[in-house]
Amino acid sequence: MQLSPKEQNFLNDAKSQEILCIKKYNNYADQAQDPELKQIFQKLAGKEQEHLNSINQILSGQIPAVNQQNQQQQQQQQTQKQASWQGQTGFVNQQDADLCHDILSTEKYASQTYDTAIFEFRDPNIRQVLNHIQKEEQEHGEEIFNYMQSKGMYKVQ
Amino acid sequence: MQLSQKEKMLLEDLQSHEQMVIQKCTDYANQAQDPQLKQLFQSMVQQEQQHIQKISQKLNQTPAQEQTGQVNQKDAMMCQDMLSSKKYLSSVYNTAIFEIQDKAIRQELNAIQSDKQKLGEEIFRYMQSKGMYQVH
């Protein structure tokens, strides 16, 4: 199906958001002081690159395949990591905390961008891909959130 | 200045939202039992009409839009209202998901959010089939 200009607009918004995310994750990976955080940022930069590829594919008229297996593996890794983080509170690295806060806001915004776009597409397959990417943005947020919590950077009232 | 495609699209979006709110406010003003509430809704209608006038001017249109074909305006308004509710709910879930500590709850909320999007899709399809939704 040919994309309407409106649909293209939404995809271009998502695209520029993904490009910004990749740049930020790469920059922040350089700036982060905790090696663990560095690693998370590097990994998520790669994930955002996958999203960008998917959006570019849709813009070129293709429907990208959504890889479920990959996601399951990632989730398992996440839970393992989560367990090993427990109990490491105390000293808060303020510079790392600022990076986390900023990137978490970026992920929230990215997820919201997809949330707006999803409702406007005619092709159900595209909606599905966008929903999948949105879910992954939420999971990135979760990973940052968990890291922040384990380091005492995020206060839950 | 000539409006870009994107600017036009966004303004038209605002226009249709304003239209819905005016319709809704008018209906509610008629239905409200408390005179004070009636008056509140009525004054809101006036405000919204000024808003839509401003937007329409930017789009070089008259506020009263031409009716497209045999669209049932009342039904169209209800559809748009419901679709807006689904969008709003999905966005509320999106905000909540990022703040929850428990992974299982996050997943549950994400599943509900996806359902809202699906329901929105159903309304969207109906509206499209009846010429109620313009995809430019």
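In which helix of chain A is A:L37 found? A:L37 is found in helix α2 of chain A. Helices here are DSSP runs of H or I with at least four residues, strands are runs of E with at least two, and both are numbered from the N terminus. This is a predicted model, in which local features need pLDDT of at least 70, side-chain atom pairs count only at pLDDT 80 or more, and totals for chains, interfaces and linings use all residues. Residues are numbered from 1 along each chain as its sequence is written, while chains are lettered from A and ligands numbered from 1 in the order in which they are written.

Start with chain A. Its secondary structure comes to five helices and zero strands. Read from the N terminus, the elements run α-α-α-α-α. Chain A has 157 residues, and 36% of them are buried. A residue counts as buried if 20 or more other C-beta atoms lie within 10 Å of its own, as exposed if 12 or fewer do, and as partly exposed in between, with C-beta atoms placed from the backbone. Two residues are in contact if their C-beta atoms, placed from the backbone, lie within 7 Å. Among the contacts in chain A with a separation of 6 or more, 75% join residues 24 or more positions apart.

Return to A:L37. It has 23 C-beta neighbours inside 10 Å, so A:L37 counts as buried. Beyond its neighbours within four places in sequence, A:L37 is in contact with A:A32, A:D96 and A:Y147. A:Y114 lies 77 residues from A:L37 along the chain, and their C-alpha atoms are separated by 26 Å.

Helix α2 (residues 35-59) and helix α5 (residues 124-150) of chain A pack at an angle of about 170°, with their axes 11 Å apart. Axes are lines fitted to C-alpha atoms, for helices over the stretch in contact, and angles run from 0 to 180 degrees between N-to-C directions. α2(A) and α5(A) are therefore roughly antiparallel to each other. That label applies to angles over 145 degrees; under 35 counts as roughly parallel, 65 to 115 as roughly perpendicular, and the rest as oblique. On the α2(A) side, the residues that meet α5(A) are A:L37, A:I40, A:L44, A:K47, A:H51, A:S54 and A:I58. Their counterparts in α5(A) are A:I126, A:V129, A:I133, A:E136, A:H140, A:E143 and A:Y147. By class, this contact has eight nonpolar, three polar and three charged residues. Ala, Val, Leu, Ile, Met, Phe, Trp, Tyr, Cys and Pro count as nonpolar, Asp, Glu, Lys and Arg as charged, and the others, Gly among them, as polar.

Next, the cores. A nonpolar core is a set of buried Ala, Val, Leu, Ile, Met, Phe, Trp, Tyr and Cys residues joined through C-beta atoms within 7 Å. The largest one has 36 residues, and those with the most contacts inside it are A:F41, A:C100, A:Y114 and A:L130. Both chains contribute: α1 (5-31), α2, α4 (94-118) and α5 of chain A and α3 and α4 of chain B each supply at least two residues. α4(A) gives the largest share, eight residues. A:F41 is in contact with A:Y25, A:Y28, A:A29 and A:A32, leaving aside neighbours within four places in sequence. A second, separate core of five residues includes B:V21, B:C25, B:I52 and B:I55.

Helix α4 of chain A also holds A:T106. A:T106 counts as buried, because it has 21 C-beta neighbours inside 10 Å. A:T106 touches A:C21 and A:K24, not counting residues up to four places away in sequence.

The contact between the chains takes 19 residues from chain B and 20 residues from chain A. On the chain B side, α1 (5-31), α3 (73-97) and α4 (103-129) each supply at least two residues. The largest share, seven residues, comes from α4(B). The chain B side divides into five nonpolar, ten polar and four charged residues.

B:K116 is found in helix α4 of chain B. Its 22 C-beta neighbours inside 10 Å make B:K116 count as buried. Leaving aside neighbours within four places in sequence, B:K116 is in contact with B:K86, B:L89, B:S90 and B:Y93. B:K8 is found in helix α1 of chain B. B:K8 is partly exposed, with 16 other C-beta atoms within 10 Å.
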